[in-house]
Amino acid sequence: MRCWGRGSVRGRAESPANKEIVEQLSVSEGTIKTHLSRLMAKLGLTSRAQAVVLSYDCGLVEPATR
C-alpha cells in the first residue's frame with residue numbers, strides 16, 4: 001500500500017465520527033461516506049481499522065505515550 005491521501009487517512013486514524021466530520025467540513029454525511037468509501041477502495045482497505053494501521057505504518061499517527 002502507498003502512503004497517500006494523508007489528510008483523509010489521518011482523519012480516520014483519529015477516528016472522528018462521520019457527524020463530527022460533517023460539522024467540521026460543512027458537507028452532508030452522504031458526501032463523507034462516499035469520499036471515505038472511495039478512498040478506502042483506492043487504498044485497498046476494507047475497514048476503518050485497516051486505515052488506522054496504514055496511518056501508523058506511514059507515520060501519520062504516533063502511538064500515545066504513557
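Lys33 sits in helix H3. Helices here (H or I, at least four residues) and strands (E, at least two) are DSSP runs, numbered from the N terminus. Lys33 is partly exposed, with a relative accessible area of 46%. The scale is this: buried means under 20% relative accessible area, exposed over 50%, and partly exposed in between (1.4 Å probe, protein chains only). Lys33 and Asn18 are 15 residues apart along the chain, and their C-alpha atoms are separated by 7.5 Å.

This is a predicted model, in which local features need pLDDT of at least 70 and side-chain atom pairs count only at pLDDT 80 or more, while totals for chains, interfaces and linings use all residues. Residues are numbered from 1 along each chain as its sequence is written, and side-chain values use heavy atoms, with hydrogens and water left out.

How far can the model be trusted? pLDDT is the predictor's confidence in each residue, from 0 to 100. The protein has a mean pLDDT of 75, and 76% of its residues reach 70 or more. Among its elements, helix H3 (residues 29-43) has the highest mean pLDDT, 87. Helix H1 (residues 6-13) has the lowest, 51. Where pLDDT is low, the predicted coordinates should not be read in detail.

Now take the whole chain. The protein has four helices and zero strands. From the N terminus on, the order is α-α-α-α. Of the 66 residues, 29% count as buried. Contact means heavy atoms within 4.5 Å. Of the contacts with a separation of 6 or more, 57% come from residues 24 or more positions apart.

Next, look at one helix pair. Two packed helices are described by the angle between their axes and the distance between the axes. The axes of helix H2 (residues 18-25) and H3 come within 9 Å and cross at roughly 110°. Axes are lines fitted to C-alpha atoms, for helices over the stretch in contact, and angles run from 0 to 180 degrees between N-to-C directions. H2 and H3 are therefore roughly perpendicular to each other (65 to 115 degrees).

Which residues of H2 and H3 meet? Asn18, Lys19, Ile21, Val22 and Leu25 in H2 touch Glu29, Ile32, Lys33 and Leu36 in H3.

Finally, turn to helix H4 (residues 48-57), where Ser55 lies. Is Ser55 buried or exposed? Ser55 is buried, with a relative accessible area of 0%. Its side chain reaches the backbone oxygen of Ala51 at 2.9 Å.

Terms used
Polar contact = N/O pair within 3.5 Å; in protein donor to acceptor, adjacent residues only side chain to side chain. Parallel < 35°, antiparallel > 145°, perpendicular 65-115°, else oblique.
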